[in-house]
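Reader: I have this model open for the first time. Can you walk me through some of it?
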Amino acid sequence: MTKGRRKTSRHEFFKYFPKDLLTEVLARVASASISDLFTAKLSCREFLEAASENYIFEHITIEKLPVIPWTISHGASSFLARCKENGNPEALFRQGMVEFFSSNKPESGFQHLKNAARKGHVEAIYTCGVILVCRGGQFKQEGIELLSSLKHYKSRHRSIKECRDKIKEILQSMWIDRREAGIGPEEPKSHGRTCNCSKFNKRGWIDEEEYTTCDYCVWDHEATLFCKILRARGFGIS
C-alpha cells in the first residue's frame, strides 16, 4: 500500500502546478532537446497537454532536422509549419534562406530573416546584415550596425566562423537562384571614410581577433566574400 501511494503521488505531482509554469519548464526543455521534450510528454498528462501550447513551438529546437527535407511526412510537415506560424527563430531563418536565395521570393524571404534576427537568431542577423551591406546606399549603415552587433554574441559561444559554416551548409543543400547570387560588389570598394585601416587588403576570411578593425572595412570585406560564395553556388567558405 505504501508503494502504491507513492506511485500515485509521483503520478499526480505536476497536477497542482500552474499550467503557465509547466509550459515554461517544457519550453526550456524543448529549446535544448526535441527528444527530451517527447520524453517529458510521455511522463504525465499535464506535460502532454502543456506541450501543445504555441509557446512550445516558438522555442523548440529544430537544429537537428534537415533544412531541405526532400522527403517529409505529413506529421513532420505540420510540425514545422506550426513552428513557423508561432515565430520559431530557426524556422523563420530557414524559411527566409530558402525564399531569398532559392525560391525567387526575396521580399518575403528577407522579411522572415528580419523577423528571426529580431528574436536574436545569430545567423539571421549575419545574413540580414550582409544583404543590407550588399544593397548599399541607405541600407548599408543599417547592415554595418547589424553585423557589428554580432560582437555581443560571443558570450553565447557562437563565433562568426560558426555562422559562416552553418550558412555554407545551408547554401550547399539548396539550388541558388542566380539572380540573388549576383548581389553585392565583385571587389571591395572604399567606404568613403578615413580610418587607420584604409589599406585593409586581407584576401581570406577574417579571424575573430581582427574584428577590432574599422567596422566598415571589416564588413565590406565580409560582404564581398559572402557574395563570392553565392556566385560559387555555396562552396566558397573555408
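Reader: Is Phe100 buried or exposed?

Author: Phe100 counts as buried because its relative accessibility is 2%. Buried means under 20% relative accessible area, exposed over 50%, and partly exposed in between, with a 1.4 Å probe and protein chains only. This is a predicted model, where local features need pLDDT of at least 70, side-chain atom pairs count only at pLDDT 80 or more, and totals for chains, interfaces and linings use all residues. Residues are numbered from 1 along each chain as its sequence is written, and side-chain values use heavy atoms, with hydrogens and water left out.

Reader: Which ring does Phe100 pair with edge-to-face?

Author: That of Phe101, at 4.8 Å centre to centre with 70 degrees between the planes. Rings of Phe, Tyr and Trp (its six-membered ring) pair if their centres lie within 6.5 Å; planes under 30 degrees apart are stacked, over 60 edge-to-face, and the rest tilted. Phe100 and Phe101 are both buried.

Reader: And why is the pair of Phe100 and Phe110 called tilted?

Author: Because the planes of Phe100 and Phe110 are at 50 degrees, with the ring centres 6.4 Å apart. Phe100 lies in helix 7 and Phe110 in helix 8, so the pair ties together parts 10 residues apart in sequence. Helices here are DSSP runs (H or I, at least four residues), numbered from the N terminus.

Reader: Which residues do ring pairs link into a cluster?

Author: Phe100, Phe101, Phe110, Tyr126 and Phe226.

Reader: What sits over the ring of Phe110?

Author: The charged end of Arg135, 4.8 Å from the ring centre. The rule asks for NZ of Lys or CZ of Arg within 6 Å of the ring centre and within 35 degrees of the ring normal.

Reader: Switching to helix 8. Which of its residues are buried?

Author: Gly109, Phe110, Leu113, Ala116 and Ala117. They cover an arc of only 120 degrees around the axis, which puts them on the same side of helix 8; the arc is taken from the directions from the helix axis to the C-beta atoms.

Reader: Which residues are exposed on the other side of helix 8?

Author: Glu107 and Arg118.

Reader: What do the buried ones pack against?

Author: Helix 7 and helix 9, where contact means heavy atoms within 4.5 Å.

Reader: What follows helix 8?

Author: Gly120, with a positive phi, near 90 degrees.

Technical notes:
Helix = DSSP H or I, 4+ residues; strand = E, 2+ residues; numbered from the N terminus.
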